[in-house]
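User: Hi! Could you walk me through how the helices in this model are arranged?

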Amino acid sequence: MTANEYLRMYLDETGEFLESLGQLLLALEKAPTSSASLDEIFRIVHTIKGSAAVIELAEVSEAAHQMESLLSAWR
């Protein structure tokens with residue numbers, strides 16, 4: 001597989017994750033103590049971070065890492 005194909009796969013997958021993330025954030029806004037929503041948000045951000053690191057998108061990986069830190073503090 002080429003680098004462009006990996007990038008396309010990453011973008012497709014991340015687009016789906018971001019849609020889910022938007023829905024989960026709205027759910028969390030309605031129920032801020034929902035550990036299930038917060039856990040799923042953390043899982044999505046963690047996956048985005050790891051996948052970005054694999055295809056060497058360091059800035060995206062670092063931004064997701066920072067989000068993980070904020071989410072961990074919230075937990």
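Predicted model: local features only at pLDDT ≥ 70, side-chain atom pairs only at ≥ 80, totals over all residues.

User: In which hand of crossing does α2 pass α3?

Analyst: The axes of α2 and α3 come within 8 Å and cross at roughly 155 degrees. An angle over 145 degrees counts as roughly antiparallel, so α2 is roughly antiparallel to α3. As for the hand, α2 passes α3 in a crossing that is left-handed.

User: How do the residues of the contact of α2 with α3 divide into nonpolar, polar and charged?

Analyst: On the α2 side, the contact includes Leu38, Ile41, Phe42 and Val45. The α3 side brings in, among them, Val60, Ala64, Met67 and Trp74. Sorted by type, the residues of this contact are 12 nonpolar, 4 polar and 2 charged.

User: Which helices do the buried residues of α1 pack against?

Analyst: Good one to look at in the viewer! In α1, the buried residues are Tyr10, Thr14, Phe17, Leu21, Leu24 and Leu28. Their packing partners are α2 (35-54) and α3 (58-74).

User: How far apart are the end C-alpha atoms of helix α1?

Analyst: Helix α1 covers residues 3-30, which is 28 residues. At 1.5 Å a residue, the helix should span 40 Å. The model agrees with this, because the end C-alpha atoms are apart by 40 Å.

User: Does serine 20 count as buried, partly exposed or exposed, and what is its relative accessibility?

Analyst: Serine 20 sits in helix α1. Its C-alpha atom is separated by 12 Å from that of phenylalanine 42, 22 residues apart along the chain. Serine 20 counts as partly exposed, because its relative accessibility is 31%.

Terms used. Residues numbered from 1 in each chain as written. Heavy atoms only, no water. Helix = DSSP H or I, 4+ residues; strand = E, 2+ residues; numbered from the N terminus. Expected span 1.5 Å × (residues − 1). Buried < 20%, exposed > 50% of the residue type's maximum accessible area, 1.4 Å probe, protein only. Contact = heavy atoms within 4.5 Å. Axes fitted to C-alpha atoms, helices over the stretch in contact; angles between N-to-C directions. Parallel < 35°, antiparallel > 145°, perpendicular 65-115°, else oblique. Left-handed = near helix turned anticlockwise from the far one by under 90°. Nonpolar A, V, L, I, M, F, W, Y, C, P; charged D, E, K, R; others polar.
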